[in-house]
Amino acid sequence: MRRKIWLDGAIVEEAEAKISVFDHGLLYGDGIFEGIRFYEGRVFRLGEHIERLFLSAKALLLKMPWSHGEICEAILETIRANGLTDGYIRLVVTRGKGDLGLNPYLCPEPSMFVIASAITLYPAEFYENGLEVVTCSTRRPTPASLSPQVKSLNYLNNVMAKVEALKAGAKEGLMLNEQGYVAECTGDNVFVVKKGEVLTPPVSDGSLDGITRQVIFDLCEELGISIRESSLTRYDIYTADEAFLTGTAAETIPMVKLDEREIGDGKPGPVSLKLIAAFRKKVRSEGTVI
Ligand code: PXG
């Protein structure tokens with residue numbers, strides 16, 4: 001299929017969607033992004049994703065030439081141009097083209113592009129049987145460095161952690177913060193279930209404030225399941241009854257093993273399965289019409 005890309009205000013063929021080698025997004029990782037899913041002709045939590053994009057932009061002093069509404073429209077236009085009803089949006093804003101040198105003020109105009117495609121983070125059987133995860137030695141950076149809340153184009157920490165996990169034969173890696181508390185996986189938030197209660201680390205422990213993470217809070221409230229934030233160590237995951245991961249790309253997936261320790265009985269647990277079923281229903285029953 002010949003994909004169509006939204007680039008700086010126009011829909012162009014994939015082969016024509018080109019970014020300058022002088023773009024600071026490429027030269028310095030100076031830029032931000034969002035990953036958004038759409039299901040059955042509706043974009044899930046579009047407003048929340050664009051709000052988060054603007055917060056990332058603000059943190060990086062990246063002046064956005066597009067409004068919230070214009071960005072939403074660009075996304076919908078890209079999906080329509082590709083004739084899709086289900087898929088994944090990768091929206092990227094770069095600092096733009098500028099001379100060599102870190103100085104972002106060398107770039108007069110940011111660039112934005114929107115890809116509408118598909119993403120598969122894990123093979124299908126892991127959604128049924130659960131995922132095996134290993135702890136990575138690569139830590140999530142402290143908020144004293146770049147805040148983990150900024151969804152920036154600097155993903156090398158996560159990429160290196162992912163490589164560690166893959167080399168260890170696992171599909172996903174658990175990342176700790178500098179203090180050794182659980183932050184998140186390389187592209188997903190982490191949840192455990194203990195005695196019927198759902199627990200997840202506060203985002204101040206080094207995770208992204210995930211949109212899907214918030215959906216789990218909403219679903220727990222709807223289903224009358226108790227949920228709260230709590231700092232977690234690896235011990236808390238080893239000894240949990242159940243665990244699962246969430247993310248727009250990952251969706252919701254059970255985690256059944258960490259560092260060779262089976263979590264609970266090593267099978268996806270009942271609370272996780274209930275939440276995963278409710279998540280699949282929710283994503284198909286709300287959203288912005290394309
Ligand atoms: N943590 C990190 C570090 C992420 O990048 C999440 C958690 C989940 O957040 P949401 O808001 O999606 O529930 C993410 C999500 C990609 C890609 O290639 C993007 C993410 C993860 C994996 C791949 O677009 N971001």
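1. The model is predicted, so local features need pLDDT of at least 70 and side-chain atom pairs count only at pLDDT 80 or more, while totals for chains, interfaces and linings use all residues. Residues are numbered from 1 along each chain as its sequence is written, and side-chain values use heavy atoms, with hydrogens and water left out.

2. With a salt bridge taken as a side-chain nitrogen of Lys or Arg within 4 Å of a carboxyl oxygen of Asp or Glu, the count is 17 salt bridges.

3. One of them pairs Asp-30 with Arg-95, whose closest N and O atoms are 2.9 Å apart. Asp-30 sits in the loop between α1 (24-28) and β3 (31-39) and Arg-95 in the loop between β5 (87-94) and β6 (111-117), so the pair ties together parts that are 65 residues apart in sequence; helices (H or I, at least four residues) and strands (E, at least two) are DSSP runs, numbered from the N terminus. Asp-30 is buried at a relative accessible area of 12%, and Arg-95 is buried at 9% (buried is under 20%, exposed over 50%, partly exposed in between, with a 1.4 Å probe and protein chains only).

4. Glu-222 and Lys-282 form a salt bridge with an N to O distance of 2.7 Å. Because Glu-222 belongs to helix α6 (residues 211-223) and Lys-282 to helix α8 (residues 270-283), this pair ties together parts that are 60 residues apart in sequence. Glu-222 is exposed at 54% relative accessibility, whereas Lys-282 is buried at 10%. Both residues belong to a network of salt bridges that links Arg-45, Asp-218, Glu-222, Lys-282 and Glu-286.
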